[in-house]
Each structure stands twice: as structure tokens, then as C-alpha cells.
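Welcome! Please keep the sequence and the 3D view open side by side while you read this short briefing.

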Amino acid sequence: NHAVPVITIDGPTASGKGTVAVLVAKKLGFHYLDSGVLYRLVAMKLVQAGEDGANEAAAVRAAESLDPQFGPEGQVLLEGVDVSADIRADGIGLQASRLAVHPAVRQALNVIQHRARRAPGLVADGRDMGTVVFPDAPLKVFLTASVQARAERRYKQLLEKGFSVKLEKILHDLQERDHRDAGRAIAPLKPAADAFWLDSAGLTIGETVEKVLAAWQQRQ
Ligand code: CDP
Ligand code: CDP
């Protein structure tokens with residue numbers, strides 16, 4: 001299915017990948033893949049089983065048996081239960097980054113990700129969408145913003161979702177996650193060689209989306 005076009009949007013946590021990717025996909029009528037959800041679901045399964053992301057064998061088992069279901073409004077279901085809100089917890093993101101270092105976990109999740117490449121096209125967001133999973137994507141966006149801006153965005157977002165959080169804790173977790181995601185041996189967060197760099201600091205969501213769409217027009 002290499003004929004199906006893919007736009008990849010990679011970047012650090014809370015850079016705005018998901019928000020921008022959903023809007024770009026809507027505008028183009030493309031499918032949308034939030035690859036981070038898969039890592040978060042594996043984390044959720046481990047937490048429910050009383051394990052943590054450092055347990056490689058348990059993480060690999062959870063990833064290999066993962067069978068995510070998605071509702072019509074993008075809800076995420078695990079064994080029939082809607083876990084859309086629960087997987088957004090800060091602690092789940094942190095556990096996700098711990099189990100994401102295991103090659104066999106990534107391999108199992110890459111299979112699920114490849115299945116999302118369906119006509120007429122796909123917008124995929126994550127850390128290694130352009131570098132590892134869809135290296136032939138015609139447009140690879142690398143979305144950034146300062147660590148402070150990202151921590152504030154995530155803080156607001158979690159408060160709005162009803163989580164009780166502290167900004168300092170969010171900033172700390174985000175730095176730990178950035179460090180682990182960029183430093184791991186396999187599929188680290190890094191811009192693809194042919195990436196289109198986009199710094200969303202000072203841009204509205206709409207402006208960021210417009211820049212991605214303009215870059216896509218240019219590739220056509
Ligand atoms: O997917 P990722 O973790 O990269 O980030 P997100 O969940 O899409 O965005 C994090 C938060 O930043 C959301 O609440 C967005 O509304 C907000 N955001 C923003 O304020 N300005 C942007 N240019 C992009 C996102
Ligand atoms: O929304 P946010 O950017 O905070 O994180 P996410 O995209 O939901 O991903 C959660 C964690 O999963 C990340 O910190 C990464 O460690 C891992 N992940 C990954 O390794 N590769 C991907 N393609 C997506 C997520």
C-alpha cells in the first residue's frame with residue numbers, strides 16, 4: 001500500500017501533534033493514526049495488571065495481544081471499556097515512555113500502525129512516524145515548541161479534563177519523557193533527514209494547520 005500517501009507529524013510531548021494532525025486529516029479527508037495511543041494502551045494494561053513499564057516481558061505480552069477498538073467519535077476501547085479519558089493521565093504517558101524502549105514492543109505496535117495506511121491517505125502522529133514506520137511518507141513534519149510552552153499547554157489540557165495536577169510535576173515529567181524518548185537506542189525522537197520543521201511557539205492551532213497544508217500543497 002505504498003501508493004497511499006502519508007503525512008507524518010512527529011515531535012515531543014505536548015507540541016500539538018495530535019490537535020494539528022486531526023485537523024489536517026479532517027481537511028484532507030484522510031484517516032488519522034495517533035500512534036501514542038497504542039503505547040498508552042499497553043501502559044494501561046500493565047498498570048491494570050499491577051505491573052510497570054520496566055517489566056519487559058509483561059510489556060511485550062501486552063503489546064502482542066493488544067487489540068484496540070475505536071469508537072465512531074475516536075473513543076478508545078480496551079476490552080470493550082471506554083478508556084479514552086484514563087489513557088490521557090500524565091502517569092500513563094510516563095509509563096508508556098518506559099515500555100516504548102523495548103524493541104519487541106515497538107515491533108508489535110508497528111504492525112498495527114501499518115494497517116492504518118488506507119486510501120485515500122493517512123495522517124500519523126508520534127515520535128518515529130517519519131523516521132521508522134512510514135519512511136516513504138511524502139511529507140514529514142517535525143513539530144516543536146519550547147519545553148515551558150509545552151508544559152503549560154499540557155497543564156491546561158489536563159486541568160480541563162478534570163485531572164488534578166501541578167505545573168511543576170508536569171514540567172518535570174515532560175522533561176523526563178523528552179529525555180527518554182530522544183535518548184533511547186531504538187526509534188528515538190528525532191527529525192527525519194527530509195523533515196519540514198515547524199515551531200508552533202507563537203502560532204495558533206489554525207496557523208500551524210495552515211502551514212502543514214501549504215507544505216502538503218507544495219509536495220503535490
Ligand atoms: O499530541 P501532542 O501531545 O503533541 O499535543 P496535543 O495534545 O495536540 O496538544 C497539547 C495542547 O496544546 C492542547 O491542549 C492544544 O490545544 C494546545 N495547543 C496550543 O495551544 N497551540 C498549538 N499551536 C497547538 C496545540
Ligand atoms: O501526547 P504525548 O505527546 O504526550 O504522548 P503520546 O504521543 O501519547 O506518547 C506517549 C509515549 O509513547 C511517548 O512519550 C513515547 O515514549 C511513546 N511513543 C513512541 O515511543 N513512539 C510513538 N510513535 C508514539 C509514542
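In this predicted model, a polar side-chain atom of Arg 106 sits 2.8 Å from an oxygen atom of ligand 2.

**Around ligand 2**

- The shell of ligand 2 holds 19 residues, and the closest are Thr 13, Arg 40, Arg 106, Arg 177 and Asp 181.
- Arg 177 also reaches the ligand with its side chain: one of its N or O atoms there is 2.7 Å from an oxygen atom of ligand 2.
- How much of ligand 2 does the protein cover? On its own the ligand has 530 Å² of accessible area, and the protein covers 97% of it.
- Three helices each supply at least two residues of this shell: helix 2 (35-48), helix 4 (90-99) and helix 8 (167-183).
- Helix 2 gives the largest share, with four residues.
- Sorted by class, the shell around ligand 2 contains nine charged, five polar and five nonpolar residues.

**Around ligand 1**

- Which residues come nearest to ligand 1? They are Ala 14, Lys 17, Gly 18, Thr 19 and Arg 154, out of 15 residues around the ligand.
- Thr 19 uses its side chain, where an N or O atom is 2.5 Å from an oxygen atom of ligand 1.
- Ala 14 uses its backbone instead: an N or O atom there lies 2.9 Å from an oxygen atom of the ligand.
- Leu 203 also takes part through its backbone, with a polar atom 3.5 Å from a nitrogen atom of ligand 1.
- Ligand 1 has 540 Å² of accessible area on its own, and the protein covers 79% of that.
- Helix 1 (17-28), helix 7 (147-160) and helix 9 (205-219) are the elements that give two or more residues to this shell.
- By class, the residues around ligand 1 are eight polar, four nonpolar and three charged.

- Is strand 1 (residues 6-10) mostly covered or mostly open? The strand is mostly covered, with five of its five residues buried.
- Both faces are covered: Val 6, Thr 8 and Asp 10 are buried on one side, and Ile 7 and Ile 9 are buried on the other.
- Strand 6 (residues 122-126) pairs with strand 1 in the parallel sense over five bridges.
- To find this pairing in the 3D view, look for Ile 7, whose bridge partner in strand 6 is Val 123.
- Strand 7 (residues 139-144) also pairs with strand 1 in the parallel sense, over four bridges.
- Here, Thr 8 stands opposite Lys 140 of strand 7.

**A residue in helix 1**

- Ala 25 belongs to helix 1.
- Why does Ala 25 count as buried? Its relative accessible area is 3%, and a residue is called buried because that value is under 20%.
- Ala 25 and Val 209 are 184 residues apart along the chain, yet their C-alpha atoms are separated by 10.0 Å.

**The annotated domain**

- An unreviewed UniProt entry carries the annotation "domain: Cytidylate kinase" for residues 7-217.
- In this model, that span is 51% helix and 14% strand, and its end C-alpha atoms lie 12 Å apart.

Definitions and conventions. Residues are numbered from 1 along each chain as its sequence is written. Chains are lettered from A and ligands numbered from 1 in the order in which they are written. This is a predicted model: local features need pLDDT of at least 70, side-chain atom pairs count only at pLDDT 80 or more; totals for chains, interfaces and linings use all residues. Side-chain values use heavy atoms; hydrogens and water are left out. A residue is near a molecule or strand if one of its heavy atoms lies within 4 Å of it. A polar contact is a pair of N or O atoms within 3.5 Å; within protein, one must be able to donate a hydrogen and the other to accept it, and residues adjacent in sequence count only if both atoms are side-chain atoms. Accessible areas come from the Shrake-Rupley method with a 1.4 Å probe; for residues, only the protein chains shown count as cover. Ala, Val, Leu, Ile, Met, Phe, Trp, Tyr, Cys and Pro count as nonpolar, Asp, Glu, Lys and Arg as charged, and the others, Gly among them, as polar. Buried means under 20% relative accessible area, exposed over 50%, partly exposed in between (1.4 Å probe, protein chains only). Two strands pair if DSSP finds at least two bridges between them. UniProt positions are given in the numbering used here, feature names are shortened, and annotations may be inferred rather than shown by experiment.
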